[in-house]
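Dear colleague,

I am handing over the structure below, and I would be grateful if you kept it open while you read the notes that come after it.

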2 protein chains.
Amino acid sequence: MRVYSGIDLGGTNVKVGLIDDNFRLLCKSSIETMPEKGPEDVFERVAEEHNRLASENGLQLDDICIAGMGLPGPANLSEGILINPPNLPGFENCPVRDIFSSKLGREVVIENDANAACWAEYECGKGEQSEDIAFVTLGTGVGGGIVCDGHLLHGFRESAGEVGHIIIYPDGRLCGCGQRGCAEAYASASNTAERAKEFVQAGVTSSLSAYDQITSEAVFTEAQKGDRLALSIVDETAKVLALLAINLQNAANPERVIFAGGMIQAGDFLLDKIKFYFDKYCWPSRKGETDLAFSTLGTESGMIGAAAVARRHFLA
Amino acid sequence: MRVYSGIDLGGTNVKVGLIDDNFRLLCKSSIETMPEKGPEDVFERVAEEHNRLASENGLQLDDICIAGMGLPGPANLSEGILINPPNLPGFENCPVRDIFSSKLGREVVIENDANAACWAEYECGKGEQSEDIAFVTLGTGVGGGIVCDGHLLHGFRESAGEVGHIIIYPDGRLCGCGQRGCAEAYASASNTAERAKEFVQAGVTSSLSAYDQITSEAVFTEAQKGDRLALSIVDETAKVLALLAINLQNAANPERVIFAGGMIQAGDFLLDKIKFYFDKYCWPSRKGETDLAFSTLGTESGMIGAAAVARRHFLA
């Protein structure tokens, strides 16, 4: 049996998992990142945890073909270098690939974390029957990836698939990136909550005013109970995501646009609204061509995707 | 010397050219399409013209490695079938690749005409130093293509790179495709003229009111003379093209966005305005990453690109 390791490097936790050629997750584990201890310490501990996990599951290091690591951008993927990751202070211009590879004693491939999750969808998730998918993850920000003609897009600065920063409303809300009107400025979990908060603070009557902290979960809960403000906020989120899907359709012609991240917990209540606006706004002759779906891979997708990216590299 | 044929099939004319391995156009010709005579007749005449051109230039049919044909969509490229081209009545569901191949006695590869022109830019135009370009052609409509990581994007229904139908203003101007607010609804040559005409007809004072027919050329001419309406129309066209370029940057991360088509005759007067809005609206940390340029290949790009696409197929 060939085994591939997947590492999902986050600011808080590092997830470690092993998959086989069928993308089956054989075992998994997680350790605290503690980035303040520095890259050498972090990757030493990740390698130790990886080896403990493998051995606990009856695997030798020789059984591991290759390891993949997904990490937050910006990074120089082909050189294996993290550039200036906001959630990993102390990792600026860090040659993560080579450090981890020397600790692990195995070849390591690195990939952007959203791209890795996109690739997991392509190999074994909602995209596995298709050569053409777009992936949109709805968390604090809106990230993503694109597979076109079976090829995971990277582009000039390896930042293709920055779908959250496609501009939906020119001169619209200010986004964290400095642009105005980005999809992320409306439809991330944080900005869905933020937009509701702004209306509540401006005095709009809403059951959301009873909340100490307005989260996107609160917005969806109250919208489902019929609160008018919450409903209008959810509608705008869904409309923006539909317009984003249409723009991705016209740019890269995916067969399916797959949404993931915390906010898809809202389920069909959200998905049906995105589909409604997609049908309303899309090119009539292309209606029905692109399908919209929610991921079912959950929080393991980054780890599985990183291993799957490494597997592709190994088999190529 | 290896020679590749390129055919650019349009509703009015069919262009025929031969290129070598350096993408040098060895000779070219053009005949009237006369689509009303039907596909068999059209491709018989194209093959005859092709053979006459080759022989006139001292080439035998055996010298031609392969032929490429660019055609207006929608088409099933992998099957070689035109579906329902608006400008080629009588060619519905026509197996153009096989008909032309049997007339020519050579393997034929077909490609969407805007994709072919994009590939010409990649191989021997403004994109030849890059693996990552986006191409936007400004004519009656706004078409285009995307090369990412050296790969010409096709997608699920082979309609990736439909950049003119990326939505810039949700709920904006009605586009010919049926969507609202598409880039094409503002920034095509026709819609640049049309927007000016609407203001003139509404009584806005402008030197354009002296024109019998307001064309995009007239709009650019009067804008350069300082006419306020014409200037505001050109500004809006430039802003829409800049926003389109930003959205392409975030989707596919091109190193360069290349504009082509009749409207680029306006030269730096237009290009500088697009660059101004690009810098104004783009992600600050990605400023300067993507370059904007006007094509220099002219009307031969479709023919050269079709031959270049066939060459890639032949060498693969």
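What follows is an account of what was found, beginning with the relation of the chains and ending with some local details.

Please bear in mind throughout that this is a predicted model, and that the values given here were computed from it.

How the two chains are related

Two copies of a chain are related by a rotation about an axis and a shift along it. Here chain B can be laid on chain A by a turn of 180 degrees with a shift of 0.0 Å along the axis, and the RMSD is then 0.0 Å. That is the relation of a two-fold axis. The same surface serves both copies, since 100% of the contact residues of chain B recur in chain A.

The interface

How many residues does each chain bring to the contact? Chain A gives 43 residues and chain B gives 43 residues. The area buried between chain B and chain A comes to about 3500 Å², and carbon and sulfur atoms account for 57% of that area. On the side of chain B, the three residues B:Phe156, B:Ala251 and B:Trp283 supply 17% of the area that this chain buries against chain A, which is more than any other three residues give.

Charged and polar pairs also cross the interface of chain B and chain A: the rule finds two salt bridges there, and the count of residue pairs in polar contact, with both residues at pLDDT 80 or more, is 34. A:Asp171 forms a salt bridge with B:Lys239, and the closest N and O atoms of this pair are 3.0 Å apart.

Sorted by class, the side of chain B that touches chain A has 22 nonpolar, 11 polar and 10 charged residues.

A helix pair within chain B

Two packed helices are described by the angle between their axes and the distance between the axes. In chain B, helix 5 (residues 189–201) and helix 6 (residues 216–224) pack at an angle of about 65 degrees, with their axes 8 Å apart. From helix 5 of chain B come B:Ala189, B:Thr192, B:Ala193 and B:Ala196, and these meet B:Ser216, B:Val219 and B:Phe220 in helix 6 of chain B. The residues of this contact divide into five nonpolar, two polar and no charged.

A salt bridge within chain A

Over all chains, the structure holds 36 salt bridges. One of them joins A:Arg173 and A:Glu198, whose closest N and O atoms are 2.8 Å apart. A:Arg173 lies in the loop between strand 10 (151–152) and helix 4 (184–187) of chain A, while A:Glu198 is in helix 5 (residues 189–201) of chain A, so the pair ties together parts that are 25 residues apart in sequence.

Details of the backbone

In chain A, a cis peptide bond joins A:Gly73 and A:Pro74, with omega at about -10 degrees, and A:Pro74 is placed in the loop between strand 4 (64–71) and strand 5 (75–76) of that chain. In chain B, the peptide bond from B:Gly73 to B:Pro74 is cis, with omega near -10 degrees, and B:Pro74 lies in the loop between strand 4 (64–71) and strand 5 (75–76) of chain B. Finally, A:Met34, found in the loop between strand 3 (25–32) and helix 1 (39–56) of chain A, has a phi near 45 degrees, a positive value in a residue other than glycine.

Terms used. Residues are numbered from 1 along each chain as its sequence is written. Chains are lettered from A and ligands numbered from 1 in the order in which they are written. This is a predicted model: local features need pLDDT of at least 70, side-chain atom pairs count only at pLDDT 80 or more; totals for chains, interfaces and linings use all residues. Side-chain values use heavy atoms; hydrogens and water are left out. Contact means heavy atoms within 4.5 Å. Buried area is the accessible area (1.4 Å probe) that two parts lose on being put together, summed over both. A salt bridge is a side-chain nitrogen of Lys or Arg within 4 Å of a carboxyl oxygen of Asp or Glu. A polar contact is a pair of N or O atoms within 3.5 Å; within protein, one must be able to donate a hydrogen and the other to accept it, and residues adjacent in sequence count only if both atoms are side-chain atoms. Ala, Val, Leu, Ile, Met, Phe, Trp, Tyr, Cys and Pro count as nonpolar, Asp, Glu, Lys and Arg as charged, and the others, Gly among them, as polar. Axes are lines fitted to C-alpha atoms, for helices over the stretch in contact, and angles run from 0 to 180 degrees between N-to-C directions. Helices (H or I, at least four residues) and strands (E, at least two) are DSSP runs, numbered from the N terminus. Copies are superposed by least squares on the C-alpha atoms of residues with pLDDT of at least 70 in both.
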